[in-house]
Structures are given as C-alpha cells and as structure tokens.
Amino acid sequence: MNGNLLLVVCLSTLRKLVADIGTPCTVTSDCNTTTVAGTVCDTIMSPPVCKLGSAANCTNNQDDCASNSSCIANACRCTVFTHTEETSTKLCKKDIGQTCAGLTDCVISQAVCDATEAVPVCKLAADQSCVIEADCAANSECRNSTCSCRTGYMKQADKSCLPGLGTACSSTLACDRTANTGVVCDNTNVCKLPLGATCIASTDCVSGASCSTICSCSKGYIADVPYVLCLEEPIACAASTENGIVWPEALDGHISRNRSCPEGYQGDIYRRCENGIYLNPVNNCTRRAIQDLHAQVFNGSLNSTEALSKLKQATNTWTAANENLPTTGDLQTLNQILDKVIDDIELNSTTVENVADSVFEVANNLLDESSTSSWKSLVNDKGVGADSVITTIDRFISKVVNSSATVLNMTFDMPNLFAEIGQVDSCEHIMFPSTTIKAEKANKSMDDLIVVGCGPGKQVFSGGLFKNMSGMLPSTSNDIDSFHRQAIRTVDVRITFHIFDRKLTDPSCLYWETNQSRKGRWSTDGCILEQFDREKGTVTCHCNHLTNFAVLMSPTSITETNTVHQRRLRVLSIVGCSISIIGLVLTITTIVFFWKALRSRRSILLLNLCSVLLLAYVIFLAGVDKTSQHAVCTSIAVLLHYIFLTAFFLMLSEGCIIAQVVLRPFDKRNYLPALLGISYGMPLVVVSISAAASKLNGYGNDKFCWLSIDSGLFWAFAGPALTVIFVNTIISVAVIKTMFGTSAISKRTDADKIKTGIRSVCVLLPVFGITWLFGVFAVNRETSVFQYLFVIFNSLQGLLIFIVQCILDRKVQEAFKARLTRWFATEVSATATEMKARSSKID
C-alpha cells in the first residue's frame, strides 16, 4: 500500500518536469524550459498554459506564442504599438494609454490600470519617467519628468496614489493603506481616522467624533455597527405620563398608541412624535353605537332614511356642557356615514324638505363649537378638518337642486349654519341671502351679500353660510360662504362680506379648493380684492366662478394705505442709497487723492466711516429683501446689524476727536487706535450677545432682512444708536457753544454768527448720525411723516458727507487749488519752453 502511494507521487513529479507547450501551469517553473528555451506560463490565458514567451524561437506556429504576441520570422514578438515585453515574466502587456481590464493587463514594472477613467487605461505608475501629465495614473502628476503623487495623496505598494488623511475620497477611491493603515472614507467623503484610532486632533477623526487620545463619538452621535463611523443620534420623544396615560419613548416620525378607550368606545388614542416633541393626543376612540351604525350603512342592512334618523339621534346629545363631547374618531366616522347616506339617498318632491332638514341638522351638530378641539386635532394630524363636512353639504345641495323639478323655496336657519335654496324668474341679478330673508335676519347681522349676473328664464340657486369655523380648518378663517347656481357656464360673482372685528387688516379673497382626494386648500385663483372699506367694515371680492368663498385677514399685517407708503419708501430708499453710494465713493476718492494734504486723525476716521457705510448701503440694496431664503436673510440681517452699529461707533469716535480738538486743544495725546478698536469691537460684542440671547429669532422676517420690531430685537440696535446720538448731540451743543464763545466769533455780526452755527450743524449732522433721530419716531407705523424724513435724510447721508467733508471743506479746497496751481504752472512752463524752442528755430 505504501509502495503504491510512493509510485504515484514519483509519476506525478516526472509528468510535471516534462510539461510541454500547451500544458496547464500555475507558474513558469511548471513548464519545461530545458527542452524548449523561452517557455513561460501564460497567466493572461484562462486557465494558464505553457507558451513561448516574448523573443523566444518559434517555428511559425501562431499557437505556440503567448498571449498578445505572434510568431514573426521564427520569433515570438509583441503586437506592435499596443503591447510591450514585461521583463520579469516575458509576457506581452498593454502599453501606456491602452485600454485594460485589470492590473495584470499592464506592464507591472512601469504601469497600472487606471480605473478612474471612463474607460480604464494603462497609465504610468508613481516614480516612472514621464513626458506629459496625461500619461501618469490617477491622483499623480508629471513633476520633474517623474510621475509623482499629488499633494495629499500617498504612494502605495503597487505604486498607485490614494488620498491621505484629510483628503477627499469616495466609494470608488479608497484611502491610503500604506502610510495610514486603518484610515477610512467617512460619510463626508474625506479620509479620516476611524473610532478607536490614536489621534492628535479632532479634525483627524471621522465626522461626528472628537479626539481624546483616541477618536470617539461626540455628544449627539453614536457609533455604527462596525464601530468605525459616527452616526447622528436619532431624535426621539422622551417617555412621559399625562392624564394617567403612559407614553413610551418614540423615534421621530413614529406614532405611539394607547388602547385605553373609555367604556362604550373602540379604537385607540395616539400621539405622533415630531422633531423630538410629542404632538397633542388624537382621540381616535369611537362610540360603539356609531361604529355599529357605520357597519349597518356600509353593508346595506340599513336604508338611508333610517340611517339619517339615527345620525340625528347620535349627534343631538352634544352640547358644550356635555362631558361626552365628540372625539376625533366620532367625527371621522359620522362624516363618512353622512357622505354615504347622501350618495345613496333618493330625493323626490315629497321627501326632499324633510331629508334636507335632517341633513342640515346633522351637519349643524358636527360643526358645533363643542367639537372644535377634536376637529383641530384632526387638522394637526391629517391636514383634514371640517372642510370635509362643507364638501359633503355642497354635494347634497347640488343634488337637491339638480334632482327636484318642483318650485324650490327652502331656508334652513340653524345655530352653526344658514342655507337657502330657491329660484327666481328673469332677473338682472341674484342676491344671497334674498331680500326678504335679509330683512327678517337684519337683527342677526346676516347681511353678507352675493350678486351674480344671470340671463333670462328661471334661475335656481342655492347658498350656505357656515359659522364657528375658526380652528376647524387647515387654515384659520372667519365665516365661510358657499354659493351655487344651476348653470354650467362660468359666471362672475361679486361677494360683500361684513367683518366682525374691525381691527383685522390686509384682507385676501380666497375660495376653498378641493382635490380628488377631497383634501382642501385655500386658493386665490380667479378671485381679486375689489374694495376694503374699514369704516363700514366690509370687504368686496370679485370672482369668476362659484364655490366656497372666504376672506382671510391678518391681525398683524399692514393696511392697504401702508402698503402704498411702503412702496414709495422703497423707491426713495433705492434712489437715495444709490446717490449716497456715489457720494461715498467720491469722498473716499477725494481723501485718497489729496491724502498728503488732508492726512489727519479725522481723515482716517472719515475713511473708515465712508468705507463701512458704503458696504452697508451695497448689502442693504442687494440683500435686504432676500426673504425667500431664510438662512441668507438671517445672515444679511446680522451683518447689517454689525455694520450699522460700527458706523455709529465711528461717528461717536468722530465726535470724540472733534471734542478733543475744540474743548481740550492742549491735549495732544493720540486716542485714534483705541477709538478704532472700540468702534469695531463693541458692535461685535453687542451683536454676539443679541444673536445668542435671541437664538437668531428676529433677525429677518417675511418682509425684510432686518431686525424685527415686534420681537423687541430692534432695540439691540436702537439702544446703542440712541446712546451714540445722545452723546454726539451733547458734543455738538458743547462744540457750537465753545465756538461762539471764542473772540473771533464774538466780534462778528449776528448774521455771520448764524451762518457759522448753521455750517457747524451741517458738518456735525451727517457725520454724527443725528438724522437717525427720525428713525426712532419712524418705528411707530402711524408716524408716516417721520418715516419719509428718515428715509430721505438717512439714505442721502453719503451725499451730505461728500458735500460737507469735501466740497465745503477748507482744507480740501486749498489742496484742490494747490493742485490746480501746480498743473497750471507746469502747463505754462511747458508752453514757454515750446515757444522758446520755436524762437530758436526762427533765429
């Protein structure tokens, strides 16, 4: 037995040593290189077999040569222009620029297969000689005639270049494996150290991690399952107990349910977790009697008339004092039953009035004020509220109008709704409520008016007025009018609403639009505001179609008159700021041009002030109305807050410098560096505190990217500004008083004194920011005069600075005259020289 085994081994070894061309192999040593010189293992083939390598002698047999070579002139030669001999294996591999499928396709000693290209090609590996950069592999460049890894990339063992620590990476571009073993491509596509790796700085660790000798997840992050990356910790609502009901911890977007319905109810009470906060509970418990009624109606065991009678009984018990108020589940189920009943019920001239009475009574009960909280819960949870009842009633009214052939004249007057169905003969218009009804209901303020043009013949119409709808719909509203006319064509309708709270402003004419899924939304299509009479308390809308109409009004919006004022003020601001920008640019240019003559502490402050104001005006014009992008608007508001405060503190510094010159002429100390530091530093402190305290709430609103007046944040600007204005006003008075007290002033006539005083005020007014006093009074919306004065004077501040500080300034005038004198003298000298030269030629 043992001898047979030995014989087999020896035979296998002998067969391996005498392997010839075409015999399977693993490495070249498997082939018979003694008998046939140049035999190699062709590993390019699959499976590999022994073949003649590059430059080996052949006998014109094409199959004897290895892959990518041919037997030419009794020698195996690589395919010209596409392949070259690989020295170590004697196989023909792809040259630079040739397409490849993997690393083994290219010449290992000098190239790699670059898979980052759209079609992988062989490229020069790192440390290989190159001529152009296109020959070098991915993430490397031809530097000093050698392919070298780009900055941030590391050379690997196979001479490819991979991104190093802190360099961008992707799913197809792994991180460096040689110098930084264990570095991973984190969820921000940057090569970072994984969790548990030794680190120096937090920036070296994966996103969401910090460095404390090793990388570990920061607060708010948790490790992933392989414990390599940090993931954001999921937002969850904390467990709580309310009204005896235990609500467990729930992830964001999840719903927690509790089956503790009272006796006689079925269903559950649930709460939705949103942004880490539990929303109000939704009581989806439904009375068993209502559920039984629902089952009987939908399985056909109860006819529509009987179902309507039971609906009345089920809803008539609800009152504001009743402890068993309708739940969200009750309202949804009852509305489904009513909807089904209206679909199935058959109407005729003898039953229509009784059926209509029952339908409107059920609808009245569903819209009772006692059910407001349940409707509100349904709106918050599913976005559908009492609008579903309105839609159902509209369908019923249309069914009554379209199905009855008799003369219609019905009125339904109930606490929560009013409806009228009638017809008129040839008419010029239809009024709803009708004239007779208006007279009867005058003491109940039923004086909303709808006028519709109509043609000849009998016209059947219907209308409904629903009350107590505030909080029952997806959008808060006043009463809702619904009006239908039995006509297919589009008609114009004019609706006059009487508002009950005359403090409300900014009316919008809308209608309730219902989509195929019976979900509604407010829409303004085809409706315009025709008139708003605040004194009479009426709003008139004009629409080109008939549907559910309403007027939505805002308790905080501005009136129509104020809107006109805002438009005018905006135009004035744009024109004034543009002129001011030109004035500031001219001022800066003038000071820089005559710097040698004007150089002083005041000139330095003036340059700073003009530069800051110029930046403020540019940002104001470019971004103050970018309200559509919240983050951008907030940033602009914060930036404007800082820049305008800086301008005020620079004005205060200007006042201090003038006070030092006039009030303390012998004090020669230079306070300019300290004043500049305060001017730029104090606003930063104020803005930082304001932003942190308010959490950026109040920086920007839906109208302007500026500080909100309503939130009180405006005083974070107005407070420091008023302080600066107050101090500068005191300085102005002291400086003017001191100037009038000098002997030079006291000897002048009264007229000269007045001129000097006016000029002093003109110098101090624009620079010290006293024009912003108008802005304090302009905060009140009723003081439109001060708003106009503030916009006009303050937006022209740059122009005033140029006039006062450049055109009227004595030093600037002298510098300009001196420059003109030099120019004129140079021109005269040149002219004299030219004349002398001509005279010499004549001589």
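Reply: Histidine 641 counts as buried, because its relative accessibility is 0% (buried is under 20% relative accessible area, exposed over 50%, partly exposed in between, with a 1.4 Å probe and protein chains only). The model is predicted, so local features need pLDDT of at least 70 and side-chain atom pairs pLDDT 80 or more, while totals for chains, interfaces and linings use all residues. Residues are numbered from 1 along each chain as its sequence is written, and side-chain values use heavy atoms, without hydrogens or water.

Look across to alanine 616. In sequence, alanine 616 and histidine 641 are 25 residues apart. In space, their C-alpha atoms are 9.4 Å apart.

Now take the helices whole. Helix H11 spans residues 601-623, and helix H12 spans residues 630-663. They pack at an angle of about 160°, and their axes are 9 Å apart (axes are fitted to C-alpha atoms over the stretch in contact, and angles run from 0 to 180 degrees between N-to-C directions). That angle makes H11 roughly antiparallel to H12 (under 35 degrees is roughly parallel, over 145 roughly antiparallel, 65 to 115 roughly perpendicular, the rest oblique). The crossing of H11 and H12 is left-handed (the near helix is turned anticlockwise from the far one by less than a right angle; clockwise is right-handed). The contact of H11 with H12 holds 20 nonpolar, 5 polar and 3 charged residues (nonpolar: Ala, Val, Leu, Ile, Met, Phe, Trp, Tyr, Cys, Pro; charged: Asp, Glu, Lys, Arg; polar: the others, Gly among them).

Compare another pair of helices. H2 (residues 288-298) packs on H4 (residues 328-344) at an angle of about 25°, with axes 10 Å apart. H2 and H4 are therefore roughly parallel. H2 passes H4 in a left-handed crossing.

Next, the charges. The whole structure has 16 salt bridges (a side-chain nitrogen of Lys or Arg within 4 Å of a carboxyl oxygen of Asp or Glu). One of them joins lysine 90 to glutamate 85, at 3.2 Å from N to O. Lysine 90 is partly exposed at 37%. Glutamate 85 is partly exposed too, at 28%.

Aspartate 127 forms a salt bridge with lysine 155, with N and O 2.4 Å apart. This pair links distant parts of the chain, 28 residues apart. Aspartate 127 lies in the loop between strands E8 (121-124) and E9 (140-143), and lysine 155 lies in strand E11 (residues 153-155). Aspartate 127 is partly exposed at 42%, and lysine 155 at 40%.

Glutamate 141 forms a salt bridge with arginine 143 at 2.7 Å. Shared partners join Glu133, Glu141, Arg143 and Arg150 into one network.

Last, the rings. There are 7 aromatic pairs in the whole structure (ring centres of Phe, Tyr or Trp, its six-membered ring, within 6.5 Å; planes under 30 degrees apart are stacked, over 60 edge-to-face, the rest tilted). Tryptophan 247 and tyrosine 278 form a tilted pair, 6.3 Å centre to centre with 50° between the planes. Tryptophan 247 is in strand E21 (residues 245-247) and tyrosine 278 in strand E26 (residues 277-278), so the pair ties together parts 31 residues apart in sequence. Both tryptophan 247 and tyrosine 278 are buried. Elsewhere, ring pairs link Phe360, Phe396 and Phe412 into a cluster.

Technical notes. Helices (H or I, at least four residues) and strands (E, at least two) are DSSP runs, numbered from the N terminus.
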